Amino acid sequence: MGYRTRILAVPLVLLACSATAQQRALKPGFNLFSKEQDIQMGKEYAAQVEQQMPIVRNAELEAYLQKVGRKLATQPEAGNFPYTFKLVQEKSINAFALPGGPTFVNTGLITAAENEGQLAGVMAHEIAHVALRHGTNQASKAQLWQLPAMLAGSMLGNSGSLVGTLAQIGIGLGTNSILLKYSRNAERDADLLGARIMSNAGYNPIEMARFFEKLEAETGKGNAFTNFLSDHPNPGDRVKAVQEEIRYLPQRKYTADTGELPKTQKAILGLPELPKRHSPGQSQSSNTGNPDMAASRPSGRFKQFQGREVAFQYPDNWQVHGEQGSDQVTVVPDTALFGQQLGYAMMVNFAEMPRNTELRAANEKLLTQIRKENPSMKLTQAARLIKVNNYPGAVTRLESDSPYSGAREVDLLVAIERPGGLFYIVFIAPDKEYPGVQRVFEQILQSLRFAN
């Protein structure tokens, strides 16, 4: 008699007791965001994703993904979030879910699955991240001091955009976004909760383990299978952990498979090829022109911004994001928003410094901090001391990756000495566009006025 047969011979009541005693308790951790803010954030980011990624518009394929997704999302363990499911035409094997429930599945994941249970396993894993609120949990721990005030209802900025507010402290959907790059512990818990969701929905959780085995076997071969594991770090023995979790689940017949996967895979293979586009926060690889670059140029006509301590003019075709009346805002055209990356913008902020810090030293400290948070930035012109409307200041030119195709990005840091620290603006523009808009940036600097 084999090991599995002996296990099944154990009385069910003993198995139930063992599950109660040993099954890991899973619940959301520390979080400064409300559940409602998770949902608002997810909707706002989902709108950006749908603009930037090739969403499949095919009734048959959409209906299939919804059918599988709803079976999973309606389970009690899914946390009662308003889940949505979209198919992305992308050959790499991956999926991701935003806080609050918007879930995106690559066509490559569906074509790689050997059965519907494997697809359901990855989707259940992503749903588990949402239910356990892993993205906003990580953001809360990383921004413990800044978030409470920013999340207050009265501080959502002129547009009421939570995403715009979070951009002020570097939270977005860019590469290595804290909202989507999970810890190994979070991955472990998503595996376990995903297995429970699968089981309750009628899918055999062993298929999650088998799919992970398939991915791990391909690791290091440089193919599409490695994409999922690069975004979902192996918590260690994940296959063994899923198999162990299955021992604690109630025995049932797994009958949820619709039998429609082969037909769906065939339909995906018949989709027309699309030009390659970039994922949120990543630069495009194509060298073709981008119409958004022209659409985002500052108009040369201005509106007035009035903060608590500073006033300035800004282009009338750009929008202010940040706390109403604050001196810490981002001014950016909606057409230049690429997840966490901004194609055109001016970022306004204040950096506190110890009293009596010399201007050049304070600027160097600020520059070090900015470059630490933006590793791709390269210094292209050393700081030089200037006067901005008779205020002592320094200007430093940097470059970094641009979300526009075929372009680098100029990041011009202008820091102005103020009591207690530095007021600063970072002007952002594609390098090819910068000579044509430099005069606009100079006009903005000339319009600066401080309260005292």
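These legends accompany several close-up views of one predicted protein model.

The model is predicted, so local features need pLDDT of at least 70 and side-chain atom pairs count only at pLDDT 80 or more, while totals for chains, interfaces and linings use all residues. Residues are numbered from 1 along each chain as its sequence is written, and side-chain values use heavy atoms, with hydrogens and water left out.

**View 1. The whole protein chain, for orientation.** Let's start with the overall picture. The protein chain contains 17 helices and 15 strands; these are DSSP runs numbered from the N terminus, with helices (H or I) of at least four residues and strands (E) of at least two. Of its 452 residues, 50% are buried, where buried means under 20% relative accessible area, exposed means over 50% and partly exposed lies in between (1.4 Å probe, protein chains only). Among contacts with a separation of 6 or more, 65% join residues 24 or more positions apart; contact means heavy atoms within 4.5 Å.

**View 2. Helix H4 against helix H14.** Here H4 (residues 59-73) packs on H14 (residues 261-269) at an angle of about 140°, and their axes are 10 Å apart. That angle makes H4 oblique to H14. Axes are lines fitted to C-alpha atoms, for helices over the stretch in contact, and angles run from 0 to 180 degrees between N-to-C directions. Angles under 35 degrees count as roughly parallel, over 145 as roughly antiparallel, 65 to 115 as roughly perpendicular and the rest as oblique. The crossing of H4 and H14 is left-handed, meaning that the near helix is turned anticlockwise from the far one by less than a right angle; clockwise would be right-handed. Look for Glu 60, Leu 61 and Tyr 64 of H4, which meet Leu 261, Lys 263, Thr 264, Ala 267 and Ile 268 of H14. By class, the contact of H4 with H14 has five nonpolar, one polar and two charged residues. Ala, Val, Leu, Ile, Met, Phe, Trp, Tyr, Cys and Pro count as nonpolar, Asp, Glu, Lys and Arg as charged, and the others, Gly among them, as polar.

**View 3. Helix H4 against helix H6.** H4 also packs with H6 (residues 116-131), at an angle of about 55° and with the axes 10 Å apart. H4 and H6 are therefore oblique to each other, and their crossing is right-handed. From H4, the contact draws on Tyr 64, Leu 65, Val 68, Gly 69, Lys 71, Leu 72 and Ala 73; from H6 come Glu 116, Leu 119, Ala 120, Met 123, Ala 124 and Ile 127. By class, the contact of H4 with H6 has 10 nonpolar, one polar and two charged residues.

View 4. Asn 31 sits in the loop between helix H2 (12-22) and helix H3 (35-52), and counts as buried at 18% relative accessibility. Its side chain reaches the backbone nitrogen of Phe 33 at 2.9 Å. A polar contact of 2.9 Å also links the side chains of Asn 31 and Thr 136; a polar contact is a pair of N or O atoms within 3.5 Å, and within protein one must be able to donate a hydrogen and the other to accept it, with residues adjacent in sequence counting only if both atoms are side-chain atoms. Seven of the nine residues of H7 (residues 134-142) are buried, so H7 is largely enclosed by the rest of the structure. Thr 136, Asn 137 and Ser 140 are among those buried residues.
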